[in-house]
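Subject: Model for your files

Hello,

Here is the structure I said I would pass on. My notes on it follow below.

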Amino acid sequence: MGLYKALLYLFPKSFRLEYADEMRRIFTGRLADAAGNAEVLSLWMETLLDVIPNALMVHLDILRQDLRFTARSLGRAPGFTLTAIVVAALGVGATTAAFSVTDRVLIRPLPFAQPERLVKVWESVPGYSKMEPSPANYRDWLRMTRSFDALGAYTGTSMNLIGGADPMRIQGAAATANLLPILGVPPLLGRLFNQEEEVQGAAGVVVLSYGLWQDSFGGREDVLGQRVRLDEAAYTVIGVMPPQFAFPDRATRIWTPLTFDEDAYQDRNNAYLRVVGRLKNGVTLGQVRAEMALVTGQIEQQHPQENSDHRATVHFLGDEVPHQARLLLLALFGASLCVLMIACTNLASLLIARSLHRRKELAVRTALGAGRERLIRQLITESLALAVCGGLLGVALAASGTPLLAQLAPTNLPLADTSQMDLRVLAFAALITVMTGVAFGVLPALRVSGDGNLKGLREGARGGIGGPRKLRSALVFAEIAISVVLLVSSGLLVRALWRIQQVDPGFRSAGVLTLRTSLSMSRYAPTETRARFYDQVLSEIRALPGVASAAYSSFLPMTMRGGIWPLTFSGRPPNEGEDKASVRFVTPQLFETLGVPLRQGRDVNGLDTRFAPAAAVVSESFARRYWPDNDPIGRIFNVTFQDRIVVGVVGDIRVRGLERTDSEPQVYLPYQQVADGAVPFYAPKDLAIRSSLDSASLLKAVREILRRADPEVPISDVRTLGAIVEAETSPRSAQLRVLGAFALIAILLAGIGIHGLLAFGVSTRLQEIAVRIALGAARGDILRLVVRDGAQLAVAGVAVGAFGAYAAGRGLAALLAGVSPADLPTFMAAAGIVGVMTLLGSLLPALRAVRVNPTAVMRSE
Amino acid sequence: MTHEPLDPRRFLPLPPATFHILLAVAEESRHGYAIIQDVETRTGGAVRLSAGTLYRSIQRMLEDGLIEEVRERPAPELDDERRRYYRISTLGADVARAEATRLTELVSFARAAGLAPERA
């Protein structure tokens, strides 16, 4: 019997109260009639099949009624309904969008097999924790370690691909045969390369990315076996990877075998590998770190010179996210949670106000026999319905916002795309929607259905609003405080952006078009061949009407931050690690084209050949550093293993980008003064043209000139120098747009909150206001009365929010480019915005209050 | 709150349980267990309403206004005062009638198609 009674708890309470007794009685009768265990058992089966579905149906009936009632009652209050839905949508939308990016970058495991066992292994020396190991050291690691199931290596490549739709320059990775299997993602088509194919001299094979296969090979299955040329060598396509595979990053479009000849193992300083390992089952990060420390110590003993102090850094592959990006995403997610919190407090506040307005209606329903449980249920259904409508709209908002948010995700991660919404994100959105609806529907529902409020019928409109009013004030206060945190954080980032944008890059970017033509080193190994190409192309471009100057350089400023070489000076003790400079090989006219001022001496010129003395142009900081008291012209130093004589001094540029204040001094070397096939990575490939022409027509002419010079040379990275500088700050601009949007939403919501609170306050105090006016209060007094409430909350909110904002600013310090987290103008501006918003929010209620007609109000009571 | 007069056909077709309950309370007021017994007798044991189905239907029929709870009780010697009694409402009678008409029509269609016995 107890069991049957328990079973009846499946029915809603209201139903139980009405019918449970009778149902129990019927059941008892049937139980008494049942003869024998079999019949009793069958009665129980029957009862289960009766109670469970019927209980469910009763719940559904109630839900249907409540929904119908909700639709009617919300339909009667379109202003409230619309506001609540928009508020919920903003909260859910912001949080969902932020979650979709944060989840993919920071939370979700990488899309590889058992990613928790994948680690990255770097070499480390004091001061540098992530250095690339040499093939020789890598081979020793392979031989000496026991913690790994497998250890693989790769290095980034950049090759000219001929055989697809157009000749093109593509990023790739040369990997050892065991690397891709370590990741555990099978190819979509064909196969991966094997150990026979990573031997020097084996026939070339290549695996394509899904994107490259689609773009350049039309997604045809017969691509397998097709021959392509990569930098003049023949390769056979053997496989295509699936679309979500990105390794080491999403820019990588081909994978080729990484081969080492015996020479590669000779020089332990020739370090260029990245190493990924799969840990043996059960091996912890601590264990593998200990083993690597041991192994690298032994290698150091065997090679004390090259491997002095060399150790290893091991971390999970999933922990590659740079500190700044991680901080940014966390800040973003935090900001979105702030928006959600504000939205929720706003919803709660709206619902409380509404339920107070409805006290009479609820009291009538109670009098008609609706139990407390039914009323709460009705109110929660209502808030859930609002939350669900808002949630749907919010997901739509989030979907339109994620591409912007995805720009905040670092691009150097093994993730294919960070901007898609999937079931996981939708489930998250559904969860926060329901939480929003329930949590902030329950509070007002409990409050209003509490006994005190059911006296609504008797008491008229004046009773029992003190408590909810205090609660609502507290909610609005919280909204303001949170908005201040967001406003100040965005403000600090705006100041940081301004500061960075004001940095002088050291060159003039307006009117300069740039592009990259990477020459294939197998055909252009002889320096003279390359020089002929540059001379022909540059002289033809310079002859174009409207072109002021044109030049080639190894890399344009800010596009490549490395290229740092050690320097030595005869007559000075070598100062390893300190004396270094950023080195570029350049053609004449580079300084003119980039607008870098020539301070002293001359530019490189066509006479700086291999038969002339090796020359160098250095930057001002270089000259200042090494010859502070003497004329630098004619001085000699050694770089790229060659003595060079200084022939000119030019202005400094921010090679490492606008944010780095410590760019190395710069050295420019004549393009002809390099041995055949030496330092191919530094062969000039970036073309810059200063002209008064528009980019499109100039580009057309330049393409023709390049095609005449070499029809197979790929043209890539076409952009203006201005765009390169802008790209420096574009991640920041994206951050700002997002945080700014969140701050805007927050302040808007807080405004709605203030407006709602004051409007409600005025409507419940109409009588008081009427009496005051009747007794001769001036309009100003009434105005003060209304605005004072809002102003008090604003002041308190700003004061508390300022503390939070300072804490948030400290947390964001790494992103602030030196702007102080206590930046006074930012705090003043935020406080000003809150002030304006408080005024705006108070405006309508205040106007309503001063327009109160005392006679009309008195009469209506 | 005022209600427009409801069209009985709005409720058609009736769920079988609802129709049986309407028939059971058409002639006299009955309590729940009596309704179950009446339906069982009427159908020769073919239909045996379960308690859950019965009271869920009753709740719905009360809300829809097809039946009413009876305030005046039966003669004291017949009354089981712990029980609630229900009787058909005017709307309920209209609805039952409409359902019967609907069913009759269906049967006549079946008869015309030779799928039902001729009237005796």
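Axes here are lines fitted to C-alpha atoms, for helices over the stretch in contact, and angles run from 0 to 180 degrees between N-to-C directions. Helices (H or I, at least four residues) and strands (E, at least two) are DSSP runs, numbered from the N terminus.

This is a predicted model, in which local features need pLDDT of at least 70 and side-chain atom pairs count only at pLDDT 80 or more, while totals for chains, interfaces and linings use all residues. Residues are numbered from 1 along each chain as its sequence is written, and chains are lettered from A and ligands numbered from 1 in the order in which they are written.

Confidence: the model has an ipTM of 0.83 and a pTM of 0.71.

Helix packing in chain A: helix H9 (residues 323–357) of chain A and helix H20 (residues 721–764) of chain A have axes that come within 10 Å and cross at roughly 15 degrees.

The contact between H20(A) and H23(A) divides into 12 nonpolar, 5 polar and 1 charged residues.

Domains of chain A: the assignment, automatic or from a database, gives domain 1 (2–76), domain 2 (79–113 + 324–464), domain 3 (127–308), domain 4 (477–499 + 724–861) and domain 5 (519–713). Domains 3 and 5 of chain A have C-alpha centres 32 Å apart, and each gives 5 residues to their contact (C-beta atoms, placed from the backbone, within 7 Å).

Chain interface: chain B contributes 12 residues and chain A 15 residues. On the side of chain B, helices H2 (32–42) and H3 (51–64) each supply at least two residues, and H3(B) has the largest share, 7 residues. That side of chain B comprises 4 nonpolar, 5 polar and 3 charged residues.

Regards

Notes. Contact = placed C-beta atoms within 7 Å. Nonpolar A, V, L, I, M, F, W, Y, C, P; charged D, E, K, R; others polar.
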